[in-house]
Amino acid sequence: LASRLNIVDDTVYQKAVDALMKFGQFEKAEDLLFMAHVDSAVPFSNSLITKAQIKMYRTWFKSTPDTQLRQLLAQKVTGIIKRIDRGDVSPRNKNQLLVEVIKHFVSLRKLRAARSYLEEAQRTNGLSELHFLPFFKHFSELHTYEGHAQVLELYREMVKLKVPISASSYY
């Protein structure tokens, strides 16, 4: 319908992929993302489509017990991150993509890697509260003194960097 009405854009693709993921239709979501990449102005460089791709692979990874499939999905995300590191994605909306990369690394408990992408967002002057939220969630879920101390340190860092703080940071 969207293509017939000529209203296909990144947002339409993202919403369609989100809907497919909710219904567990990961193969169809993957196909749609491939089509979205091909339809991009510069194929396979669109930051928002790449963000949706990482999110979809992370969700698929969490939902399947199949170890071979999980290994394949992990390899696909690794390949995408290599493309990002090489600079093969558009700088337009890249900071939104970096949020998803941070979530990926935090979910793997690779905090140093996640931190490097937070620092990249800072270097590009695109740092926002969203870049910090995966860290807040991780450290809060530890339920330890060290975890709570890290949360306080993150708040201090956000204040120092003049990153606006909203209610999202507190939940």
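Q: What pattern does the protein chain follow, read along the sequence?
A: It's a predicted model, and the pattern along the sequence is α-α-α-α-α-α-α-α. In total the protein chain has 8 helices and 0 strands.

Q: How does the radius of gyration fit with a compact globule?
A: It agrees: a compact globule of 171 residues would come out near 16 Å, and the protein chain has 17 Å. The C-alpha trace spans about 50 × 35 × 30 Å along its principal axes.

Q: And what share of the residues is buried?
A: 39% of the 171 residues count as buried. As for contacts with a separation of 6 or more, 55% of them are between residues 24 or more positions apart.

Q: Switching to helix packing. At what angle do H1 and H3 cross?
A: Roughly 5 degrees, with the axes of H1 (residues 10-22) and H3 (residues 47-63) coming within 10 Å. So H1 runs roughly parallel to H3, since angles under 35 degrees count that way.

Q: Which residues meet there?
A: From H1 you have Asp10, Tyr13, Gln14, Val17, Asp18 and Met21. On the H3 side they meet Leu48, Ile49, Lys51, Ala52, Lys55, Met56 and Thr59. By class, this H1 contact with H3 has 7 nonpolar, 2 polar and 4 charged residues.

Q: OK, new spot. Where is Thr64?
A: Thr64 is in the loop between H3 and helix H4 (67-86).

Q: Is Thr64 buried or exposed?
A: Buried, because its relative accessibility is 12% and the cut-off for buried is under 20%.

Q: What does Thr64 touch, not counting residues up to four places away in sequence?
A: Leu69, Arg70 and Leu73.

Q: And which backbone atom lies 3.2 Å from a polar atom of the Thr64 side chain?
A: The backbone nitrogen of Asp66.

How values were computed
Residues are numbered from 1 along each chain as its sequence is written. This is a predicted model: local features need pLDDT of at least 70, side-chain atom pairs count only at pLDDT 80 or more; totals for chains, interfaces and linings use all residues. Side-chain values use heavy atoms; hydrogens and water are left out. Axes are lines fitted to C-alpha atoms, for helices over the stretch in contact, and angles run from 0 to 180 degrees between N-to-C directions. Helices (H or I, at least four residues) and strands (E, at least two) are DSSP runs, numbered from the N terminus. Angles under 35 degrees count as roughly parallel, over 145 as roughly antiparallel, 65 to 115 as roughly perpendicular and the rest as oblique. Contact means heavy atoms within 4.5 Å. Ala, Val, Leu, Ile, Met, Phe, Trp, Tyr, Cys and Pro count as nonpolar, Asp, Glu, Lys and Arg as charged, and the others, Gly among them, as polar. Buried means under 20% relative accessible area, exposed over 50%, partly exposed in between (1.4 Å probe, protein chains only). A polar contact is a pair of N or O atoms within 3.5 Å; within protein, one must be able to donate a hydrogen and the other to accept it, and residues adjacent in sequence count only if both atoms are side-chain atoms. The radius of gyration is taken over C-alpha atoms; the globule rule is 2.2 Å times the number of residues to the power 0.38.
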